[in-house]
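Hi,

Here is the structure I promised to pass on. Please have a look before reading my notes.

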Amino acid sequence: MGLQSLDGATVGELKKRIHTDILKRNDVDVTLSQITLEQNDKRVPEKKALHTITENAFTLRFSDDAPVREAEALELVKHRIRTRFNASG
């Protein structure tokens with residue numbers, strides 16, 4: 001799914017993409033059901049079409065039963081990316 005194909009995408013599809021392309025790829029141990037996307041501290045419905053949302057920033061939240069917190073996941077992803085690029089350079 002390229003950026004062009006996001007035109008008809010939903011928030012749920014974006015959530016799946018974040019889970020697969022960022023979290024799973026970097027071995028962050030959370031399930032798809034343990035993450036939500038929020039705006040202004042409110043959960044954005046997964047069926048909502050992205051093109052109908054005027055604000056382009058989301059907050060990724062993990063449920064209380066997730067084995068890691070958001071800050072830990074961010075640090076893990078940053079570390080994995082740094083390691084990946086340092087190993088290839």
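**Ground rules**

This is a predicted model: local features need pLDDT of at least 70, side-chain atom pairs count only at pLDDT 80 or more, and totals for chains, interfaces and linings use all residues. Residues are numbered from 1 along each chain as its sequence is written, and side-chain values use heavy atoms, with hydrogens and water left out.

**Overall fold**

The protein chain has two helices and three strands. Helices (H or I, at least four residues) and strands (E, at least two) are DSSP runs, numbered from the N terminus. The order from the N terminus is α-β-β-β-α. Of the 89 residues in the protein chain, 29% are buried. Buried means under 20% relative accessible area, exposed over 50%, and partly exposed in between (1.4 Å probe, protein chains only). Take the contacts in the protein chain with a separation of 6 or more: residues 24 or more positions apart account for 55% of them. A contact means heavy atoms within 4.5 Å.

**The sheet**

Three strands form an open sheet in the order β2-β1-β3, with antiparallel pairing. β2 (42–43) and β3 stand at the edges with a single partner strand each, so one side of each has no neighbour in the sheet. α1 packs on the sheet and touches β1 and β3. The direction of α1 makes about 125° with that of β1. Axes here are lines fitted to C-alpha atoms, for helices over the stretch in contact; angles run from 0 to 180 degrees between N-to-C directions.

Now the pairings. Two strands pair if DSSP finds at least two bridges between them. β1 and β2 are joined by two bridges. Glutamine 39 has lysine 42 of β2 as its bridge partner, and glutamate 38 stands opposite arginine 43 in β2. β1 and β3 pair over four bridges, again in the antiparallel sense.

β1 is mostly covered, with five of its five residues buried. Ile35, Leu37 and Gln39 point one way from β1, while Thr36 and Glu38 point the other way.

**Threonine 36**

Threonine 36 sits in strand β1 (residues 35–39). What is its bridge partner in β3? Arginine 61. The relative accessible area of threonine 36 is 15%, so this residue counts as buried. Leaving aside neighbours within four places in sequence, threonine 36 contacts Arg43, Thr59, Leu60 and Arg61.

**Positive phi values**

- Aspartate 27 is not a glycine, yet has a positive phi of about 55°. Aspartate 27 lies in the loop between α1 and β1 and is exposed, at 55% relative accessible area.
- Asparagine 40 takes a positive phi near 55° in the hairpin of β1 and β2, which has two residues between the strands.
- Aspartate 41 has a positive phi near 65°, in a residue other than glycine. Aspartate 41 lies in the loop between β1 and β2 and counts as exposed at 66% relative accessibility.

**Valine 68**

Valine 68 is in the loop between β3 and α2. Its C-alpha atom is 7.4 Å from that of valine 30, which is 38 residues away along the chain. Neighbours within four places in sequence aside, valine 68 contacts Val28, Val30, Phe62 and Ala73.

**The largest pocket**

The volume of the largest pocket is about 220 Å³. The search uses a 1 Å grid over the protein atoms alone; a pocket is an open set of points where a 1.4 Å probe fits, with protein on both sides within 12 Å along at least five of seven lines. Grid points are joined across faces, edges and corners, and a volume is the space filled by probe spheres set on the points.

The largest pocket is lined by 13 residues; lining residues have an atom within 4 Å of a point. Ile18, Ile22, Leu23, Leu60 and Leu74 lie nearest its centre. Which elements each supply at least two residues of the lining? They are α1 (11–24), β3 (59–62) and α2 (70–88). The lining divides into eleven nonpolar residues, one polar and one charged. Ala, Val, Leu, Ile, Met, Phe, Trp, Tyr, Cys and Pro count as nonpolar, Asp, Glu, Lys and Arg as charged, and the others, Gly among them, as polar.

Best regards
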